[in-house]
Amino acid sequence: MKSHIKYLTIFTIAVLMAFSCGQTGGTSGALGGDLASRSFVPPGEHDEFYAFISGGFSGQLAIHGLPSGRLFKVIPVFSVDAEKAYGFNEETKPMLETSYGSIPWDDSHHPDLSQTNGEVDGRWCFINANNTPRIARISLSTFETEEIIELPNSAGNHSSSFVTENTEYVVAGTRFGVPFPQRDISIDDYKGNFKGAISFISVDQETGRFNLEFQIMMPGFDYDLAHPGRAASHGWMFFSTYNTEEANTLLEVNASQNDKDFIAAINWKKAEEYIAQGNFTEMPSRYAHNVWDESTQMATSTMKTSVRVLDPEKCPGLVYFLPTPKSPHGCDVDPTGEYIIGSGKLAAAMTAHSFTKMLDAIENEKFDGDAYGIPIINYDDVVAGVVQQAGLGPLHTEFDDKGHGYTTFFISSEVVKWKVGTWEVVDRQPTYYSVGHLMIPGGNSQKPFGKYVVAMNKITKDRYLPTGPELCQSAQLYDISGEKMELLLDFPTVGEPHYAAGCPADLIKPNQMKFYPLEENNHPYATKTEADARVERDGNEVHIYMTTIRSHFAPDNIEGIKVGDKVYFHVTNLEQDYDVPHGISMIGANTSELLIMPGQTETFVWEPKQVGVWPFYCTDFCSALHQEMQGYVRVSPRSSNIGLSWSLDGE
Amino acid sequence: MRLNTLGLIIGVLLLFSCGGGQSKIDQIKEQSKMAEPTSLEEAEAKWKDYYGVGPITSSFSVPDEVDQELAATGKQIYDLKCTACHKADKRFIGPAPKDILTRRTPAWVMNMILNPEEMVLKDPLAKQLLIAYNGSPMANQNLTEEEARAVLEYFRTL
């Protein structure tokens, strides 16, 4: 018995010692005891940064917090979203209109944030649709998609959407060369006939509204990625290119022949001069411009019919080519604006071009021929340095605020930290696995917030519980505040994360819309008080002016609807409080629910096909009496002469 | 070392056992709860004692004369923001506001409009009302203090 007590005591001590060791563990290494606490945000507390992570083939934009990695919202942008009625209610359907008709899906790639004086300002987020070329603007006050503009003459809108340092333009390139304008010609006639359109979309500084100001008709290379100049290089835009071979088949071989492709340097201030001088062609083009109006709470779609096009051959000084090995993918500009980094995905090295050297080479005409009239600058006269043998398959670079670049290597699955100016590698950390883009908050600006880097991976393999053949998509968070990068966290993402943008939460939090004031609701079918709730018939069309508040609809009993009617439910949420949306859905309606924010009006259409009495109910748990929040519509035969009537509680 | 560890274990156990007991503060809280009304009738009988919880203090009062202009403004606000749940002279989702100042203090009415979430948690009368009205919460319609004052003036004309 005594020996039992003795063993128990020793065991207890051992356990206590084990715990105390855990608490004093080192601050570095994956087994560091406090590693988890560095990405842990306690319940009820807020993250330090917002991250806007593209949804890739989901077509959407996901909002995460950093450092926790928690997912807050998926904003529908280019794909329908039944949860939020996006693309299903009458108000948002026009957002998805294009010159090809309504399209329910796209592939969203590269978000970027608005800037003022080269710093992220928290007003808007922009993102591109890759498949059917479009650019969207998302309000960071409402976290809703407010505008989508289609890009004519473009195909594979990949080198997009990148914002200049005062949000003068959102710039978009094209991956595919296509006949410009489109016409019926042989694919073998690619060379010289296929072109790449680079689009400059201006942004109204008050409203954010887009206008496609002009396009530059570039040679038919593939424009892969881009970044704007900043500070000294403000006014320039840089695009990486591949397929300078202008191959139109088996590109994996035929577009990998040249030792060097180009980074295209575009002087957009010069472009503005040519436009002002009238040195452009007005080209007939059809493209949709879709705008959400917060006042009427409705989107409208307008078809535009022409675009101004600049031809670099006729515009000297507009474009230069900087030779860059080999099929460069990322095209990244450091915070000072001096260095333009081309990550040659088929090369072992990364090339840093100098903006100062580029200007000197242009002034002294240090050229090595031209391509379609565009001067090619001598490689040696523009290169500032090369990061040698850093890894395999460099893709993208972001920068911290201490003079370092961080580059992803797809093939060797790692992030490599190197020093700007000396080009020496100072650290490397593995990623899991096959990393594509990476993001440092404020990455596309003069002022990065170099505390964390998020690496976005293409493959997760064994990192999470398996979910059948399709595994979850994932990002990884590294602490980069010290000399060595430290992996803190893996977190799943929505769709395939391509690029992301981020900024301190304090830039966005104070500007949040909490509810839509009823007084400012100018929706043509708004019902602002229950006294105005009613039902109106116009031939076969029936309009129900309905209100909703915790916890009833008005009216909630409706009779006089007939088979073959087209019934519009216009539902206004009368709540004027934060976080009290109401939903509604109707049995058998061939559409989604509505999810109506306080003060907002939304509309769904129901075409009853059968006689009977059919129920509707609130789909968003709103109060203790949510389950009581319901109503009925009586549907009579077409020949019936039952008149319209409606009521709530018999009145 | 061994003794220290044993001491620590005992200490921890003592700490936990302390947590299980009822502190003085809890006892006082419990007693004050007992004193609270347990029915709406009981609460309404004491209505003159209740000023509510929120930005308006017990000293708030209204002048004898009704300000008709203010009341007209109040009617507009009431019609837009309140009628989904209140009818002037009959019970609907919530109570009728007619003759409200014969049943509630002016400060209580103002606090109920301006701070309903906290009222139904803390004010004895509002708590009973929530139960009597099937747990249907009073919506915070985010009126300003001036707007709530105008609505109160309108109630005085009903």
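How many bridges join strand β24 of chain A to strand β25 of chain A, and do the two run parallel or antiparallel? Keep that in mind while you set up the view. This is a predicted model.

**Stop 1: the hairpin**

Select residues 367–371 of chain A for β24, then residues 374–377 for β25. The strands run antiparallel, and 3 bridges join them. Pick A:F367 and look across to β25(A): its bridge partner there is A:I377. Now go to the turn. The hairpin has 2 residues between the strands. One of them to click is A:Y372, which takes a positive phi near 50°.

**Stop 2: helix α4 of chain A**

Select residues 268–277 of chain A; this is α4(A). Which residues here are buried? Show side chains for A:W268, A:A271 and A:Y274: these three are buried. They cover an arc of only 100° around the axis, so they sit on the same side of α4(A).

Finish at the end of the helix. A:G278 follows α4(A), and its phi is positive, near 80°.

**Stop 3: all of chain A**

Zoom out and select chain A. Colour by secondary structure: there are 5 helices and 46 strands. The radius of gyration is 28 Å, close to the 26 Å that the globule rule gives for 651 residues, so chain A is as compact as a globular protein of that length. Along the principal axes, its C-alpha atoms fill a box of roughly 100 × 85 × 45 Å.

Colour by burial next. Of the 651 residues in chain A, 51% are buried. Then draw contacts between residues at least 6 apart in sequence: 62% of them join residues at least 24 apart.

**Stop 4: where chain B touches chain A**

Show both chains. How many residues of chain B are in contact with chain A? Select them: 18 residues of chain B, in contact with 22 residues of chain A. On the chain B side, the elements giving two or more residues are α1 (2–20) and α4 (68–81) of chain B. Colour that side by class. It has 7 nonpolar, 8 polar and 3 charged residues.

Methods: Residues numbered from 1 in each chain as written. Chains lettered and ligands numbered in written order. Predicted model: local features only at pLDDT ≥ 70, side-chain atom pairs only at ≥ 80, totals over all residues. Contact = placed C-beta atoms within 7 Å. Helix = DSSP H or I, 4+ residues; strand = E, 2+ residues; numbered from the N terminus. Nonpolar A, V, L, I, M, F, W, Y, C, P; charged D, E, K, R; others polar. Pairing = 2+ DSSP bridges. Buried ≥ 20, exposed ≤ 12 C-beta atoms within 10 Å, placed from the backbone. Arc of directions from axis to C-beta. Rg over C-alpha atoms; globule rule 2.2 N^0.38 Å.
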